[in-house]
Amino acid sequence: MYTYETRLGISQTDTNGLQTVVSAIDMMQDCSHFWMESEPEFMSFLKQNNTIMILAFRQLDIFRLAEYGERLTVKTSIYECNSYFGYRNTTIYGSDGTAYAKSWGQGAFLSLSEGRPAKLPAAVANAITYDEKADMDYLPKKIRLPEAAFTQLPSIKPTPFDIDFNQHVNNARYVQMACECLPSYREYNRLRIEYRKTATQQDEITPFIYNGDNVAYVKLCTRNAEPYCTIEFSKFSVE
């Protein structure tokens, strides 16, 4: 498990002084990468084989949005890993230990040299520190879209600020684009995000949206309507 503490700053809040969804994902993503750096054998394998771990899926459940100035603790732990996929939980806690947001995600190993999935050796997987699976609702990775017609919106051109050091659009920026296309996103407290294809700064991203009853979908697609990323916004009861 990797843990870091932070304080919610003004650049991470909305007009109401509450943490944005994108900020929460940024924190989770940072913590996940810090975890990778804390596992020397795992990082050594990635560097020596020009391999990266890319996010294939994330489910984010938001129980409460932190307020400006709050001190937060972010924790990432791995609960399973095989030859091609790793599974992790990341949680944001308030200062009293209350879980504000929980996430589970599936990461895939990608060889940059060959441009295809890479296999993680068993010895490297066995050297990873594992923790118990977090207590949360685990929904399917596959997002089943409604057959109803989607509304196409103007295309988006990624900017240099959307690109991370792997030279493609950062996974949190897809969520930001989706939220900007869906003004009602604040009504939802659960996201399922399916990453299908990586976009670069040279690409154009075409959004398609659908608003249903208590659920909404955003597809961020290539010019040929192939999805880079599909996001489901929904609601769950916070007890």
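Residues are numbered from 1 along each chain as its sequence is written, and side-chain values use heavy atoms, with hydrogens and water left out. Because the model is predicted, local features need pLDDT of at least 70 and side-chain atom pairs count only at pLDDT 80 or more, while totals for chains, interfaces and linings use all residues.

**Stop 1: the whole chain.** Colour the chain by pLDDT, which is the predictor's confidence in each residue, from 0 to 100. The chain averages 94, and 100% of the residues score at least 70. Confidence is lowest in strand 6, at a mean of 86, and highest in strand 8 (residues 190–195), at 98. Helices (H or I, at least four residues) and strands (E, at least two) are DSSP runs, numbered from the N terminus.

Stop 2: Select strand 4 (residues 85–93), where seven of the nine residues are buried (under 20% relative accessible area, with exposed meaning over 50% and partly exposed in between; 1.4 Å probe, protein chains only). The strand is therefore largely enclosed by the rest of the structure. Two strands pair if DSSP finds at least two bridges between them; strand 3 and strand 4 pair in the antiparallel sense over eight bridges, and they form a hairpin with three residues between them. Within this pairing, serine 77 has asparagine 89 in strand 4 as its bridge partner. Nine bridges join strand 4 to strand 5, which also run antiparallel, and the hairpin that these two strands form has five residues between them, with glycine 97 in the turn showing a positive phi of about 90°.

**Stop 3: lysine 102.** Now select lysine 102 in strand 5 (residues 99–111), which stands opposite threonine 91. The side chain of lysine 102 does, however, reach the backbone oxygen of aspartate 135 at 2.7 Å.

**Stop 4: salt bridges.** A search of the whole structure finds nine salt bridges. Select aspartate 26 and arginine 173, whose closest N and O atoms are 3.3 Å apart in one of these bridges. Aspartate 26 lies in helix 1 (residues 21–37) and arginine 173 in helix 4 (residues 171–181), so the pair ties together parts that are 147 residues apart in sequence. Aspartate 26 is partly exposed at 24% relative accessibility, whereas arginine 173 is buried at 13%.

**Stop 5: proline 117.** Finish at proline 117 in strand 6 (residues 116–117). Is proline 117 buried or exposed? Proline 117 is exposed, because its relative accessible area is 54%.

Terms used. A polar contact is a pair of N or O atoms within 3.5 Å; within protein, one must be able to donate a hydrogen and the other to accept it, and residues adjacent in sequence count only if both atoms are side-chain atoms. A salt bridge is a side-chain nitrogen of Lys or Arg within 4 Å of a carboxyl oxygen of Asp or Glu.
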